[in-house]
Structure formats: structure tokens, C-alpha cells
Amino acid sequence: MTQALPPAGWYPDPQDATHQRYWDGTAWTGHTAPATPTAPAQPPQPTPPVTVPTPPVAVPTPPTATPAWSPMTPGGGLPAAAKPAWYKRKAFLIPVGILVGLIVIGALVGPRSDHSSAIEKSIRDDGQHQLQAYLDQNQPGSQGKITAVDCVETGDTQTYNCQIHLTLTRPDGTQEKLFLAATGSCSNHECLWRPSGTIQPDSG
């Protein structure tokens with residue numbers, strides 16, 4: 001559709017009738033001048049639009065080049081879609097995500113488990129000898145045996161509160177379950193502990 005516009009020239013300013021404004025053939029410019037008696041009263045009106053049909057233009061479609069690296073589908077046709085890189089495939093990402101999660105969990109939980117096991121082992125190894133030495137001095141003829149050791153980490157890292165469960169066998173064959181509280185800590189792969197109370201009857 002083509003619309004004829006007025007030719008360039010001076011015309012009455014549409015915003016101020018006492019002045020003229022210059023029309024450059026396509027739009028009003030910023031140039032103005034006082035109106036003169038000879039200036040036309042109104043700018044020439046554009047002619048009615050004339051619709052000119054535009055014939056369709058055929059745009060040729062460029063041929064699609066087959067990449068040299070892309071394998072063709074069986075029997076010809078379009079090249080097969082390229083597979084994503086091995087490190088972007090879902091079958092690879094899921095196991096990697098699980099492995100990373102296990103490593104993080106192990107880093108958070110592992111040290112606590114290892115240290116608690118280490119101090120429990122230290123109490124089992126050293127405590128049995130210390131317990132028997134105590135009984136030999138205070139209750140001759142009695143035999144003591146550590147049956148269980150449970151250590152729990154306190155608020156301080158690598159510091160533990162432990163419960164030592166004992167079985168005392170007297171010379172007459174009677175037995176009694178005893179309990180001893182202890183504290184301990186681990187550093188540089190070495191654990192130390194000491195009793196934090198006296199031997200008491202084990203109600204559990």
C-alpha cells in the first residue's frame with residue numbers, strides 16, 4: 001500500500017497558526033518562521049491511499065548440507081542427531097551425583113564414627129588391665145570383665161562421654177553388673193581416656 005505525502009516546503013504550523021513550520025517531505029522539522037499572508041491556509045492533504053498488490057516473491061530454500069562428521073540414517077535420509085557429550089548424559093550424571101552425595105555424607109559422619117570406635121577400642125584394650133589391677137588391690141580374688149563400651153561425642157569436636165559396662169565375678173561365684181562413667185578425646189590418631197566417677201551398680 002503506497003500513500004502520497006505532501007512535497008517539502010513551508011506550511012502553517014499545526015501547533016501555532018501564527019507561524020510556519022518546514023515539512024521535509026516525510027515529517028515536520030524543527031525549523032519555524034512567522035506566517036506570511038501568501039502562506040497556504042492548510043497544508044496539502046495527502047491523496048487517498050492506493051493499494052497496490054505486491055506479487056509474491058519466491059524465496060529459494062538453500063539446500064541442507066550434510067555435515068561430514070554426522071552419520072547418515074540407514075537407507076539414506078537426514079543425518080542422525082548427534083548424541084550429547086558423555087559427561088552430559090543422564091546415565092552418567094545420576095551415578096556421579098549419588099557418589100558425590102555419599103562422599104559429602106562420609107566426610108561429615110565418617111570422622112565421628114571413626115573416633116568413637118577408636119576411643120571405645122582404647123578403653124577395651126587398656127581398661128581391662130586397669131580394672132583387674134583395681135580389683136586385685138581392693139577385692140582380692142574377684143575377676144572383672146568389660147562387657148560393653150558406648151561413647152558419644154560431646155559438643156566439643158573429638159571429645160567423648162563414655163559408659164563402661166562391667167561384670168564382676170566374686171570368689172564365691174556370684175556376679176554383679178557394674179557401671180563406670182569416663183571421658184576421653186582423640187587427636188592425631190591417638191585417644192586418651194580417664195574415669196569420671198566411681199564404679200556403681202548397673203541398673204540397665
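**Exercise 1.** In which strand is His 165 found? Determine also whether His 165 is buried or exposed.

*Solution.* The model is a predicted one. His 165 belongs to strand β5, which covers residues 159–169. The relative accessible area of His 165 is 17%. Buried means under 20%, so His 165 is buried. Its side chain makes a polar contact with the side chain of Asp 202, at 2.7 Å. Neighbours within four places in sequence aside, the residues in contact with His 165 include Lys 145, Thr 147, Leu 178 and Phe 179.

**Exercise 2.** Identify the elements that supply the largest nonpolar core.

*Solution.* The largest nonpolar core has 18 residues, and Ile 164 is one of those with the most contacts inside it. At least two residues each come from α1 (90–138), β4 (143–153), β5, β6 (175–187) and β7 (190–195). Strand β5 gives the most, with five residues. Beyond its neighbours within four places in sequence, Ile 164 is in contact with Ile 123, Val 149, Leu 180 and Trp 193, among others.

**Exercise 3.** Describe the aromatic cluster that contains Tyr 11.

*Solution.* The structure holds three aromatic pairs. Tyr 11 and Trp 28 form an edge-to-face pair, with 6.3 Å centre to centre and 85° between the planes. Tyr 11 lies in strand β1 and Trp 28 in strand β3, so this pair ties together parts 17 residues apart in sequence. Tyr 11 is buried, at 8% relative accessible area, whereas Trp 28 is partly exposed, at 34%. Trp 23 and Trp 28 also form an edge-to-face pair, at 5.1 Å and 75°.

Definitions and conventions
Residues numbered from 1 in each chain as written. Predicted model: local features only at pLDDT ≥ 70, side-chain atom pairs only at ≥ 80, totals over all residues. Heavy atoms only, no water. Helix = DSSP H or I, 4+ residues; strand = E, 2+ residues; numbered from the N terminus. Buried < 20%, exposed > 50% of the residue type's maximum accessible area, 1.4 Å probe, protein only. Polar contact = N/O pair within 3.5 Å; in protein donor to acceptor, adjacent residues only side chain to side chain. Contact = heavy atoms within 4.5 Å. Core = buried A, V, L, I, M, F, W, Y, C linked by side-chain atoms within 4.5 Å. Phe/Tyr/Trp six-rings, centres within 6.5 Å; stacked < 30°, edge-to-face > 60°.
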